[in-house]
Amino acid sequence: MPRGHPTSHDPEEEGRGAGSSARPDLRKRALSEAQLIRKACQGDAQAVRALYDRYAPRVYAVVRRIAGDDDLAQDYAQEAWIRAIRALPTFRGDARFSTWLHRIAVNAALQAARKAETRTRRQAPMPADVPVGPGRGDALLQKRLEWALGELPEGMRRVLILHDVESYTHEEIGDVLGVTSGTSKSQLFKARAKMREMLSGLDNEGEQEEAEAWTI
Amino acid sequence: MDHLSTEGLARLLDQGASQEEYRHLADCRACRAEMDAIRDQTEALGRLPDLRPPPGDWSVLQARLVSEGLVRAGGQVTRAFGPAPGWMRAAAALVLFLGGAVAGGVAARGVGLPFSGDRVAREGSFLVPASDAGTVDDAFQWVQLTERQYMDALVRYRQLRSDQGGAMATSDAESRYAALEYMVRAGQAALREAPTDPFLNGLVASTMAEREAWLKLISSNGNDNWF
């Protein structure tokens, strides 16, 4: 599996966040997640902040990729956090908190995107967002992937992000996007193919430039 | 048989190939290479890193959470009220910034906190005094937190100036100096635990340089056009 699915248990993933990228925050970790959630339910700002520090990069990443735009992403992420904190008393712990929060973030971003009545075609600039922690791949490839993701049509991009980046199943994608799993699959394969075409185009451009440089 | 389509190859990553496709892949090096490239691309997508939210994101969110009555402010009982008017949010941002700075200045002088600094501290802006940092991780975290709070407050402060267009008091420069002094002290406390840490050394050096620059400005110029 390319990425830790939100439903799988991975303590390393659990601890990933803005505050944990370099050194562990021992003081905050002293409180268990359940304690933090309980305090956050009571309106404790420090507990909410601790949850934010832990999960903000994950939330921001998924909404940024769905939004395809920095300004929209910040709005979507804020909306997701507001919804999550408002709904916190309903969190019963059946699923992991990260899974629950992730789903809220995805839904908030998708709903907000649908609400946007007229959207001008984004120029899909290379994102300026700062990745959290050391990249596990090369930075250029990551930039190219983010760029190509931004160039995909909305439907394809959402399916590709949810499946290949966020490891949702087609059934889960069908639930959140309101499509059949068959549609999700066909959109995924189209999206992968389109990504491949765009990325191989970049490779060819690079090779061409290199060849031209040699002929000068 | 013609080459397999890119979409068809993308499908084969998740689904089994037909007999015909299987035979073609066995014979066609180009299609195998293309399929490998799609597989690499898919795996790379799965390794995309999380993204840090933009600076100041927490401050904006915190203001919204408070205005919607979802978190307590300063230990007060939560109560639901409508969105705060612009001037109130701006004032809150100013309190956060100046209060933090005052807390810093006061801490540097080793006396008790005045109202504004105390309020900021109780609201969680200053979670851990640097002197309480028992380990290098605590100290490091504290430095990062202080730096982040300073930057968050600065962003809010700039927003305030932009939105409100109000003139700033001369004491603001002194407050900023005090906040920088506080950051320097936090950094030095961390450095005592990890004297060779390059990040801490760089942070403390740059903070000290900025602090000295503000000291010179305060000494030489009473004006407060310091942004």
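**Chain B, order of elements.** I read chain B from the N terminus and noted α-α-α-β-α-α-α-α-α-α. That makes nine helices and one strand. I keep in mind that this is a predicted model.

**Chain B, burial and contacts.** I looked up burial next. Chain B has 227 residues, and 38% of them are buried. I then took the contacts in chain B with a separation of 6 or more. Of these, 67% join residues 24 or more positions apart.

**Chain A, helix H3.** I moved to H3(A), residues 33–41. Which of its residues are buried? I found Leu36(A), Ile37(A) and Ala40(A). Looking down the axis of H3(A), I see the buried residues within an arc of 100 degrees, so they line one face of the helix. I checked what the buried residues of H3(A) pack against: helices H4 (45–67), H5 (70–87) and H6 (97–115) of chain A. After H3(A) comes Gly43(A), with a positive phi near 85 degrees.

**Chain A, H4 against H5.** How do H4(A) and H5(A) pack? I noted an angle of about 135 degrees and axes 9 Å apart. The two helices are therefore oblique to each other. The crossing of H4(A) past H5(A) is right-handed. On the H4(A) side I listed contact residues including Val48(A), Tyr52(A) and Arg64(A). On the H5(A) side they include Leu72(A), Tyr76(A) and Trp81(A). I sorted the residues of this contact: 13 are nonpolar, none polar and one charged.

Terms used
Residues numbered from 1 in each chain as written. Chains lettered and ligands numbered in written order. Predicted model: local features only at pLDDT ≥ 70, side-chain atom pairs only at ≥ 80, totals over all residues. Buried ≥ 20, exposed ≤ 12 C-beta atoms within 10 Å, placed from the backbone. Helix = DSSP H or I, 4+ residues; strand = E, 2+ residues; numbered from the N terminus. Arc of directions from axis to C-beta. Contact = placed C-beta atoms within 7 Å. Axes fitted to C-alpha atoms, helices over the stretch in contact; angles between N-to-C directions. Parallel < 35°, antiparallel > 145°, perpendicular 65-115°, else oblique. Left-handed = near helix turned anticlockwise from the far one by under 90°. Nonpolar A, V, L, I, M, F, W, Y, C, P; charged D, E, K, R; others polar.
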